[in-house]
Amino acid sequence: MKQQTLAMAADQSFENYRKPTRRDEFLKTMEAIVPWVALCEVIEPFYPKAGNGRPPIGLERMLRIHFIQHWFNLADLSCEEALYDSVSLRRFVGIDLGREPVPDATTMLKFRKLLHDNQLGEALFAQVGAVLQSKGFKVNTGTIVDATIIGAPSSTKNAGKARDPDMHQTRKGQQWYFGMKLHIGVDSQTGLAHSAVVTSANVLDKHPLPDLLHGNEQRVYGDSAYASQKDLIHSAAPNVRDFTNQRTRRNGVVNETLKSRNRNKSRIRARVEHVFGVVKRLWGFGKVRYRGLQKNATRAFTALALTNIYLSRQRLRAQVRP
């Protein structure tokens, strides 16, 4: 039997009237459905091994902390303080303050740098996709493509007196934006992202299009930014039919037939917005946190992996029930 410390007993025994919060329920669900073993296997070859120096913190513990940072949009120092403050977060990570401290912000930074240096964000995204396919989530023959802008600070009030050189500006409608773009390909039936590309914001949506298709599509959906790109689409998926929205106004005249067709296509195309809604609204990735495109790309791929798990949570939870 595991011995309890006074700190652990205080967390568990002295709160007789504690009500489970939505955070508790969320973490309980993620505890059950995240494929921890499979994801740790991706990182393990690159993770420090115990040797003559200070033994490294357990890999799964650091991965849980890293995911908490994504789920609750926490910087390193904020995450450290949240773990000291929140019983539910400590319980999820497996930290007993009677025996050990919370890993400090520098340790979290080094773990994130490890993922960035070895492009493990992309690997985690691919591994989650493989796990979901093994559990019955199929990649079907329809793909929805879309892109969203992730804002970056445009201020030059810093030591270098310059903006992030990897970020650029673009105009959407009558508004200018500065930052990067996240391009994704989403399965039209399951609503899960199966491919992604990260670029600066000034890259047109159509350019990463071939990289967002898996090649076996029969239908491709997208907004009018992908109109008239049949050759580009067929270069990646030869048997595909173009179901992207077409421009309905020519010479000031609106084609009502095309407008009606676009409306029918958009009923399916709208599923891509569920992915962006989770990434930008729930996970808080509406603005970049780091300088440089690759660092933010690692965060984007990890966020998409967690989004796929979150959007599949009902089916996954049903599979793990006894």
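Q: Which residue lies over the face of Trp 36?
A: This is a predicted model: local features need pLDDT of at least 70, side-chain atom pairs count only at pLDDT 80 or more, and totals for chains, interfaces and linings use all residues. Residues are numbered from 1 along each chain as its sequence is written, and side-chain values use heavy atoms, without hydrogens and water. A charge sits over a ring if NZ of Lys or CZ of Arg is within 6 Å of the ring centre and within 35 degrees of the ring normal. At 4.3 Å from the ring centre of Trp 36, the residue over the face is Arg 64.

Q: How far is Arg 64 from the ring centre of Phe 92?
A: Arg 64 sits over the face of Trp 36. Arg 64 also lies over the face of Phe 92, and its distance from that ring centre is 5.0 Å.

Q: How many aromatic pairs does the structure hold?
A: Rings of Phe, Tyr and Trp (its six-membered ring) pair if their centres lie within 6.5 Å; planes under 30 degrees apart are stacked, over 60 edge-to-face, the rest tilted. Ring pairs link a cluster of Phe 26, Trp 36, Phe 67, Trp 71, Phe 72, Phe 92, Trp 283 and Tyr 310. The count of aromatic pairs in the structure is twelve.

Q: Which parts does the pair of Trp 71 and Phe 92 tie together?
A: The two rings are edge-to-face, 5.8 Å centre to centre, with 65° between the planes. Helices (H or I, at least four residues) and strands (E, at least two) are DSSP runs, numbered from the N terminus. Trp 71 and Phe 92 are 21 residues apart in sequence, so the pair ties together helix 4 (residues 59-71) and helix 6 (residues 87-93).

Q: Are Trp 71 and Phe 92 buried or exposed?
A: Buried means under 20% relative accessible area, exposed over 50%, partly exposed in between (1.4 Å probe, protein chains only). Trp 71 has a relative accessibility of 3%. Phe 92 is at 6%. Trp 71 therefore counts as buried, and Phe 92 also counts as buried.

Q: What is the angle between the ring planes of Tyr 221 and Phe 243?
A: The ring centres are 5.6 Å apart. Tyr 221 is in strand 5 (residues 219-222) and Phe 243 in strand 6 (residues 241-244), 22 residues apart. Both residues are buried. The pair counts as tilted because the planes are at 45°.

Q: At roughly what angle do helix 3 and helix 4 cross?
A: Axes are lines fitted to C-alpha atoms, for helices over the stretch in contact, with angles from 0 to 180 degrees between N-to-C directions. Angles under 35 degrees count as roughly parallel, over 145 as roughly antiparallel, 65 to 115 as roughly perpendicular and the rest as oblique. Helix 3 and helix 4 are therefore roughly perpendicular to each other. The axes of helix 3 (residues 36-43) and helix 4 come within 10 Å, and their crossing angle is roughly 105°.

Q: Which residues of helix 3 meet helix 4?
A: Contact means heavy atoms within 4.5 Å. On the helix 4 side are Leu 59, Glu 60, Leu 63, Arg 64, Phe 67 and Trp 71. Their partners in helix 3 are Trp 36, Leu 39, Cys 40 and Ile 43.

Q: Which residues of helix 7 make the contact with helix 4?
A: The axes of helix 4 and helix 7 (residues 105-117) come within 10 Å and cross at roughly 90°. That makes helix 4 roughly perpendicular to helix 7. Helix 4 brings Leu 59, Met 62, Leu 63, Ile 65, His 66 and Gln 69, while helix 7 brings Thr 107, Met 108, Phe 111, Arg 112 and Leu 115.

Q: How many disulfides does the structure hold?
A: A disulfide is a pair of cysteine sulfur atoms within 2.5 Å. The sulfur of Cys 40 is 16 Å from the closest cysteine sulfur, in Cys 79, too far for a bond. Cys 40 is buried at 12%, and Cys 79 is buried at 0%. The number of disulfides is zero.

Q: Which helices do the buried residues of helix 11 pack against?
A: In helix 11 (residues 272-282), the buried residues include Val 272, Val 275 and Phe 276. The buried residues of helix 11 pack against strand 1 (142-151), strand 3 (175-187) and strand 4 (193-200). The helices they pack against are helix 10 (256-269) and helix 12 (293-311).

Q: Which residues does Lys 295 touch, not counting residues up to four places away in sequence?
A: Lys 295 is in helix 12 and is partly exposed at 42%. Its C-alpha is 9.2 Å from that of Leu 115, although Lys 295 and Leu 115 are 180 residues apart in sequence. Beyond residues up to four places away, Lys 295 touches His 116 and Tyr 290.
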